[in-house]
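The model comes first, the entries after.

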Amino acid sequence: MHPDPEFADVGCRQCASGELLGFDFSMALQPIVRFSTREIYAQEALARGLGGEPAGAVFANVNDGNRYRFDQTCRVKAIRLASELKISSLLSINFMPNAVYKPELCIRTTLKAAAEYEFPPERIIFEVTEGEEIDNRDHLRGIVEHYQKTGFTTAIDDFGAGYSGLNLLADMQTDLIKLDMALMRNIDQDRNRRIITRGILQVCRDLGIDVIAEGIETRGELSALVDLGIDLFQGYHFARPAFEAIAEVPDSAFVLA
């Protein structure tokens, strides 16, 4: 859809307040960790209600008429929170490809927020969810390529759960993919899941794409995935999303079964 031209030039603080949407929301942060170094690789910004309500309560207010504004507001809120909390890692922001009409216009809002809140734009990851049906695959490829040329890191979220699968990687190569949690579940006890994951990892290695395993909940899952060669992880095993805060990752989370 076409973005609202008036929205493109509003101030970041107006955008962050949610006043242009007709509803307001906040953000939680969930860490992505690098197992080999026990460091926080990135913090993913996740939409939450003002009282910490889950994302579904927020997305219930999103429609075709405000999708673009919501997408832009998410970016500004995420960058503002990361700046306020002084996070030193990468910041991962989900974007809605069907809300992006012109990537250069959307990036202008992002860069403006990064400058205002003094957050380095080169530390931003943009995630596109594979679970959202893409109206125009060529358009999505153009968005990803434009973001990469601008210096942002790009990722496919929920890989293996959505509409495209490996076809999406044939059309475009992001810097990262995040393996869907359904594929990760009980992978230590499921030979078929390990075989499928090993195959995806080999494809990604050949394409030069890094892999994040998301939704990790048990030490057994973690051990199986480390054995397969994965080094980046996200999930309740390490930390749940922290509302308007940085979650602590305990040292015990890095102990293998």
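I began with the sheet: strand β1 (residues 26-34) and β2 pair in the antiparallel sense, over 9 bridges. Strands here are DSSP runs (E, at least two residues), as helices are (H or I, at least four), numbered from the N terminus; two strands pair if DSSP finds at least two bridges between them.

The model is predicted, so I noted that local features need pLDDT of at least 70 and side-chain atom pairs pLDDT 80 or more, while totals for chains, interfaces and linings use all residues. Residues are numbered from 1 along each chain as its sequence is written, and side-chain values use heavy atoms, without hydrogens and water.

I looked up M27 and found A47 in β2 as its bridge partner. The hairpin of β1 and β2 has 4 residues between the strands, and R38 there takes a positive phi near 60 degrees.

On its other pairing, β2 runs parallel to strand β3 (residues 90-95) over 4 bridges. E44 stands opposite S92 in β3. I counted 8 of the 10 residues of β2 (residues 39-48) as buried (under 20% relative accessible area; exposed is over 50%, partly exposed in between; 1.4 Å probe, protein chains only). The strand is therefore largely enclosed by the rest of the structure.

Next I checked phi elsewhere. Most residues other than glycine have a negative phi. E118 has a positive one of about 55 degrees, in the loop between α4 (103-116) and β4 (124-129). With 73% relative accessibility, E118 counts as exposed.

N186 also has a positive phi, near 55 degrees, and sits in the loop between α7 (181-184) and α8 (191-207). At 36% relative accessible area, N186 is partly exposed.
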